Amino acid sequence: MTEGNGVGVLTEPPVSTKCYEAPSVSALTSDGLLKQLVSTKTAANVHFEVSVTSNRKIIWQTVYMDGKLFVQIPNGILPDGSKESFISLLEYAEEILHCSHVIVYFHRNRNDRGSLIKTFMFLGFGPVPPGNPLVPNLEHLVFMAYAIQLDG
């Protein structure tokens with residue numbers, strides 16, 4: 001990907017959701033569905049698909065729950081365009097979903113754990129210790145949180 005590609009272009013990634021409480025709900029988000037998700041304590045799978053070039057898409061699997069967006073970092077090397085697509089995901093979480101936190105998580109035994117921790121700390125994430133009420137108590141996962149300052 002060429003540097004500067006897409007700079008200054010604000011596009012929202014296509015997002016689809018599936019609510020746990022209503023498994024039959026599966027559609028592209030609309031303002032009504034987003035407002036419903038934001039106003040309830042419903043947990044929902046949110047699938048972000050970001051086109052970084054005309055033939056390359058980056059997909060992020062997430063769970064939206066209690067005003068927090070949990071983002072699973074996939075195993076293996078992250079593809080080119082991951083950083084840019086992740087920034088789009090952060091903007092969407094803040095501006096559209098009005099999340100209080102974005103929390104990334106990945107397996108503790110990954111070979112690239114140190115590199116991932118450095119990368120996410122550079123983006124403003126901080127490690128969340130096991131037992132913190134912000135995240136589930138799952139010892140085999142590393143959690144890192146980004147707190148979003150909400151207006152008003």
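## Helix α2

Helices here are DSSP runs of H or I with at least four residues, strands are E runs of at least two, and both are numbered from the N terminus. A helix's expected span is 1.5 Å times one less than its number of residues. Take α2, residues 82-95: its 14 residues reach 20 Å from first C-alpha to last, close to the expected 20 Å.

A quick word on the model: it is predicted, so local features need pLDDT of at least 70 and side-chain atom pairs pLDDT 80 or more, while totals for chains, interfaces and linings use all residues. Numbering runs from 1 along each chain as its sequence is written, and side-chain values use heavy atoms, with hydrogens and water left out.

## The whole chain

Along the sequence, the pattern goes β-β-α-β-β-β-α-β-α-β-β, which gives three helices and eight strands. Of the 152 residues, 37% are buried (under 20% relative accessible area with a 1.4 Å probe, protein chains only; exposed is over 50%, partly exposed in between).

## Ser82

Ser82 sits in α2 and counts as buried because its relative accessibility is 7%. Other buried residues of α2 include Phe86, Leu89 and Tyr92. The Ser82 side chain reaches the backbone oxygen of Pro79 at 2.6 Å. Setting aside neighbours within four places in sequence, Ser82 is in contact (heavy atoms within 4.5 Å) with Ile58 and Trp60.

## The second largest pocket

Ser82 turns up again here: along with Leu78, Leu116, Thr119 and Phe120, Ser82 is among the closest to the centre of the 14 lining residues of the second largest pocket. On a 1 Å grid over the protein atoms alone, a pocket is an open set of points where a 1.4 Å probe fits, with protein on both sides within 12 Å along at least five of seven lines, and lining residues have an atom within 4 Å of a point.

Helix α3 (113-122) and α2 each supply at least two lining residues, and α3 gives the largest share, with five.

## Two loop residues with positive phi

Most residues other than glycine have a negative phi. Asp66 has a positive phi of about 50 degrees though it is not a glycine, and its place is the loop between β4 (56-65) and β5 (68-72). With a relative accessible area of 36%, Asp66 is partly exposed.

His98, also not a glycine, has a positive phi near 55 degrees. His98 lies in the loop between α2 and β6 (101-107) and is partly exposed, at 44% relative accessible area.

Notes:
Polar contact = N/O pair within 3.5 Å; in protein donor to acceptor, adjacent residues only side chain to side chain.
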